[in-house]
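This report describes one structure, part by part. Look at the sequence and the model first, then read on.

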Amino acid sequence: MRTRLHIVKNEPQPSQAPVVFEIDQLCKRFKTNGSGDVSVLKDITFMARRGEMICILGQSGCGKSTLLKILAGFMPPTSGSVRLNGRPVRRPGPDRCMVFQEDALFPWLTVRENIAFGLKDRRMDRDTKKREIDRFLSLVDLTDFENYLPQEISGGMKQRVSLARVLILQPEVLLMDEPFAALDAQTREEMQNLLLALWQKFKHTILFVTHDVGEAVLLAERILLFEKGPGRIREDITISLPRPRRKDTNAYFLNCRSMTAKIKAIGVEG
Ligand SMILES: Nc1ncnc2c1ncn2[C@@H]1O[C@H](COP(=O)(O)OP(=O)(O)OP(=O)(O)O)[C@@H](O)[C@H]1O
Ligand SMILES: [Mg+2]
């Protein structure tokens, strides 16, 4: 079902951008010890257009991480299809990058070396490589910390390194699995604003998993509301709030309230 929250003036027209991801009737079953198969995702069908920011909301265990792993090409679906720019996804590719809640930085490499890591196999002359690393260090405001090790920086800074090390690869799609969930409220808000600024600059297509209604309303153009047992899309909701969005506005508050009511009505916890 497709619904719309709080129609606002100057509402953007539905995007006519090309389709990037096409997920059709995707199902995932896992074999379990003892109880046979368990159905984790059932009949997932949606598409993502170029430059869209889509948030996935749903209770623990409804298959959000499993879905992202399938889209990343880390595991195949049991049935159904995933197409990226018209081609079936069968394995990981440079066009998709995943960002996780727990930072996956190399502890023995500095901030700079972590950001540079993915470029080591790219054909690029030394000067261009250096310029790119400097540019991305600066974009996430870590130039002064380039020689620090991960254990010497804060959680928010680690997530900025995690972002920079995937953005430098210039992927078309970012798959983000609760990337800010472990951060305190203030750092989380800074990261949300940084992500929005980078998204507006680079126009990635972003699929962002979160449990936080406020985060989804701040970020998303669309929210896919998942239900559990097996995981399915219950609603596909367009958030029409104009940008920049501010958390201290009535429109933002009303959107969060409507969204929370919707979640409660269908018994899905964010
Ligand atoms: N490799 C696996 N083998 C068997 N079962 C699995 C496997 N991976 C995930 N599952 C099961 O699939 C279900 C969905 O897991 P998943 O991690 O995708 O949920 P989630 O929505 O991301 O939850 P959370 O919000 O807690 O992160 C869970 O019941 C989990 O136990
Ligand atoms: Mg998960």
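Strands β2 and β3 pair in the antiparallel sense, over ten bridges. Two strands count as paired if DSSP finds at least two bridges between them. Helices (H or I, at least four residues) and strands (E, at least two) are DSSP runs, numbered from the N terminus. One bridge links L26 to its partner I44 in β3.

The model is predicted: local features need pLDDT of at least 70 and side-chain atom pairs count only at pLDDT 80 or more, while totals for chains, interfaces and linings use all residues. Residues are numbered from 1 along each chain as its sequence is written, and chains are lettered from A and ligands numbered from 1 in the order in which they are written.

The order β3-β2-β5-β6 describes an open sheet of four strands with antiparallel pairing.

| Edge strand | Residues |
|---|---|
| β3 | 36-49 |
| β6 | 87-88 |

Which residues lie around ligand 1? They are F30, T32, V40, G58, S60, G61, C62, G63, K64, S65 and T66. A residue is near a molecule if its C-beta atom, placed from the backbone, lies within 6 Å of it. Both β2 (19-32) and α1 (64-72) supply at least two residues of this shell, and α1 gives the most, with three.

Elsewhere, E189 sits in helix α5 (residues 185-202). E189 and L218 are 29 residues apart in sequence, and their C-alpha atoms are 9.9 Å apart in space.
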